[in-house]
Amino acid sequence: MNYLLCTLFEIKWLPDIWAVILVSVIGFGVVISLLILTVLFLVLAERKLLGFFTQRKGPNRVGLWGVLQTTADAIKLLCKENIELLSSDKFIFTIAPIMAFASVILLWCLIPYNSEFHLINSSVGVLLYFAIASLPMIFHFLAGYSSNNKYSLIGSYRSLGLTCSYSIVLMLSVMSVILVSGTMDLDKIVLFQSKTWMIFSNVLGFLIFFIATLAKLNRCPFDLSEAESEIVCGYHTEYSGMRFAMFFLGEYAELFVMSMLVVILFFGGYLPPFGMYLANAFMGNCEFCSYLIYFEQTIWLFIKTLIIVFVIIWIRATLPRLTQVSTLNMFWKYIIPISIFNLIMIIMMRALW
Amino acid sequence: MDKMVLNLGPQHPSTHGVLRLLLELDGEIITSVEPEVGYLHRSLEKMAESKSYIQYLPMVDRVDYLSGFFYSYAFCNAYETLNHIQVPEYANYIRVMFMELNRLASHLLWLGTYLLDLGAISPMFYTFREREDIVTYFEKVTGQRLMYNYFVFGGVRHCDIYLDEALRIVDNIYNKIDEYEDIITENPVFLSRTKDVGIISKQKALDWGLTGPNLRASGILQDYRSIMPIYDDLEFDIILSSEGDCYSRYIVRIYEMRESVYIIKQCIEYLQNINLSNVPLNNFYHKQKQHEGEIYSFVEAPRGLTMCYLKSVGEDTPYRVKWRTGSYYSTQILKDILKGVYLSDVMSIYGSLDVVLPEVDR
Amino acid sequence: MVKKIFLSIKAILKGHFAVLKHLFRQPVTMEYPEVHPFLSPYFRGRHVLEGCRGCGLCKRVCPSDAIIIEKNDNHYVNKYVIDYSKCIFCGNCMFYCPTHSMKMSGNYELAKTRKSDLLTDIYFKGV
Ligand code: SF4
Ligand code: SF4
């Protein structure tokens, strides 16, 4: 990013402000295209994996091995009619999916993809991340509330109730990470892990964070706000066409970005797992290598993320759904005390070392 | 605080058909329930009065499409007892074997869909995989997958049953049941959904007329198989559980599947020892005068006691046919046990009762 | 308490690995239009009629009145129509035919675009 900015600054006829805007637009475009591609891939991967887990073949009709299936689905969704109830609150009903998707896009901009490409580089990156990450849930609530459907209403207040339980846990476990690394900058947290990954010094924190992530993502076993066997589809029961696609794609984009955050916080982000870049190992220290490394870093990040995503899908294939009551019980009675205990342990460790 | 009236059904992902539950909600707690049935009424009882016995026999499978053999058996048995038709012993064994296979298929389908109601995806596909084996076997023998029309008055349609394949299927299922138990039985999430949820006490179960696995899960020893003459030579245990919650209903069904496998194996052993290719077939169209009288025949179906009341006045058509089905009583009890539970427990309770709506409405 | 947590974690892991095992098994999907299922000789699909005497017994045992038999002046069968919108493939017409002239084939692809196409004349006129 900085490199690109410097080259643009050197161009005489381009005003500096335009250079900055140009770089942001390019970066944003890269992030968006990355998002769309990964989401399309992710939906396919989930369906394929769930198929394999249950001894089926998954989608395999459109394109080779069904690779174009999700693209076809997305196009079909975009072409469909937007059905709207007469009694729904039109403005909120329309704006909610757009805003929910937009806030997820914003989350994607906060992630350091490699040591250079970091669109929004803030010294309080983690805090900013969680501030924005709590937005989609509000819009899910608004969507359910405005669509004037009882199932949607139940789904939306379930998701509110769920928020009360997971967000505290999420912040408590992130706090332990911040305490260990001593910084809130995502870039620096990654670099802090260049010797050992965070997970080795903070196992309990990782487990808690992972469970809270599942709850945050509305994934199994915490998918009670859209439990299709109880309340049909939860907050997006009344949505169709493009608006439904926004919720749907936004959910998968959030799944991927949260998994990326897990990797960044606990598995060394874009750093290679064995202390050495493959590009360097094979080609020595050439100039070309230093460019190649950026790609390699991004690939490492994505590989680690995909492993996390695989685990999440695996959990979805196995576990039944928890109820609202047992989720709240579990979080408030067990996980919050454990995470506070974990925090105290971390503080004591910091004080002793 | 105002109460919300939620209309669950008739089209809902997990009512397994078209049941309508009028729920009155206080927050997520249910204060009153009104189950409404009748959306799938096909007048199978009235239809009998205008069709001859032979014509009515294929319809009987359609009372409950998941356990057609039981209904065929109940109707055939009623007719045979009324007209004093002797059923050969081998035919009885074949009937028992097919009924137990059907019970396996029905319980497997219940297990899969119940877990789908609870939110687990994979077990449904696993149980359907095994059920597919059974159903394909039925198709091979009887000609169709669900509507068999295989039992006839006085025996079975033909004796070309592929015993080796049946043996392979039940052996496979016996191993697979362990696999399901690995995934489900001890899973704490599953336990939290089912343990101490939807408790039906002994007295309540008797009062509302529950039968079958639901009654046995409440701790009452009642299995009509033990007094049915065709089960006389077969050994099996009656599965009993005492708690009466969803979990014990699950356990009862899981163990019943194992018992079914034992029974099927005994039948196969018997059938392998006789030469099925030259047994006489009682496959005839009754031209003689029908006897007068009325009769009640019963069979222990997967969803409880199934009874067939048949009244004949000596005509070619039955004068009156009445079905008593287990699911109807399981639906009734919802009114009592759903009061005061959370909305998310509705599906785990309703699912555990194994209600099949076509059977409720007939 | 600790033991309970430990046991539940063990149970969850056990379940997960039981599911994971299936990842390495052969899929059981049958890709239908390309692969057709195996059908036994007893399968009850579309009817095949050969050498019918026109006794009308099949019409009497049919539970859904799906059979229409049309005879000419010499009391020979002229047309033997099965209404596939009514037929439930119970097989009664095959089982009770005294001359065994009714058979049911393995043809189960019955979809038609018009309802009138479902009224099918299956009488084999001979050569
Ligand atoms: S098909 Fe058989 S039963 Fe029907 S009319 Fe012809 S000969 Fe008679
Ligand atoms: S198969 Fe059954 S319903 Fe169809 S024509 Fe024959 S007797 Fe009638």
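**Exercise 1.** How many nonpolar, polar and charged residues does the shell around ligand 2 have?

*Solution.* The model is a predicted one, in which local features need pLDDT of at least 70, side-chain atom pairs count only at pLDDT 80 or more, and totals for chains, interfaces and linings use all residues. Residues are numbered from 1 along each chain as its sequence is written, while chains are lettered from A and ligands numbered from 1 in the order in which they are written.

Step 1. Apply the classes: the shell around ligand 2 has ten nonpolar, three polar and no charged residues. Of the 13 residues around this ligand, C:Cys62, C:Cys87, C:Cys90, C:Asn92 and C:Cys93 come nearest.

**Exercise 2.** Into which classes do the residues of the shell around ligand 1 divide?

*Solution.* Step 1. List members of the shell: among them are C:Cys52, C:Arg53, C:Cys55, C:Cys58 and C:Cys97.

Step 1. Read the division: seven residues of the shell around ligand 1 are nonpolar, four are polar and one is charged.

**Exercise 3.** At what angle do helix α6 and helix α10 of chain B pack?

*Solution.* Step 1. Recall the description: two packed helices are described by the angle between their axes and the distance between the axes. Helices (H or I, at least four residues) and strands (E, at least two) are DSSP runs, numbered from the N terminus. Axes are lines fitted to C-alpha atoms, for helices over the stretch in contact, and angles run from 0 to 180 degrees between N-to-C directions.

Step 1. Read the values: α6 (residues 163-184) and α10 (residues 246-273) of chain B pack at about 160°, and their axes are 10 Å apart.

Step 2. Classify the angle: angles under 35 degrees count as roughly parallel, over 145 as roughly antiparallel, 65 to 115 as roughly perpendicular and the rest as oblique. Therefore α6(B) and α10(B) are roughly antiparallel to each other.

Step 3. Examine the contact, in which two residues count if their C-beta atoms, placed from the backbone, lie within 7 Å. From α6(B) come residues including B:Leu167, B:Val170 and B:Ile173, and they meet a set in α10(B) that includes B:Val261, B:Ile264 and B:Ile268. By class, this contact of α6(B) with α10(B) has 13 nonpolar, one polar and three charged residues.

**Exercise 4.** In what order do the three strands of the open sheet in chain B stand?

*Solution.* Step 1. Two strands pair if DSSP finds at least two bridges between them.

Step 1. Give the order, which is β1-β2-β3 (chain B), with antiparallel pairing. At the edges are β1 and β3 (29-36) of chain B, each of which pairs on one side only. From one strand to the next, the twist averages 20°.

Step 2. Count the bridges: β1(B) pairs with β2 (residues 20-26) of chain B over five bridges, and seven bridges join β2(B) to β3(B).

Step 3. Locate partners. B:Asn7 has B:Leu22 in β2(B) as its bridge partner, and B:Val5 stands opposite B:Glu24. In β3(B), B:Glu36 is the bridge partner of B:Arg20, and B:Val33 stands opposite B:Leu23.

Step 4. Inspect the hairpin of β2(B) and β3(B): two residues lie between the strands, and B:Gly27 takes a positive phi near 70°.

**Exercise 5.** Which strands of chain C form an open sheet?

*Solution.* Step 1. The order is β2-β3-β5 (chain C), and the pairing is antiparallel. The edge strands are β2 (67-71) and β5 (119-121) of chain C.

Step 1. Five bridges pair β2(C) with β3 (residues 77-83) of chain C. C:Glu70 stands opposite C:Lys79 in β3(C).

**Exercise 6.** How many residues does the contact take from chain C and from chain B?

*Solution.* Step 1. Chain C gives 21 residues and chain B gives 24 residues.

Step 1. On the side of chain C that touches chain B, α1(C) gives the most, with seven residues.

Note on methods:
Near = placed C-beta within 6 Å. Nonpolar A, V, L, I, M, F, W, Y, C, P; charged D, E, K, R; others polar.
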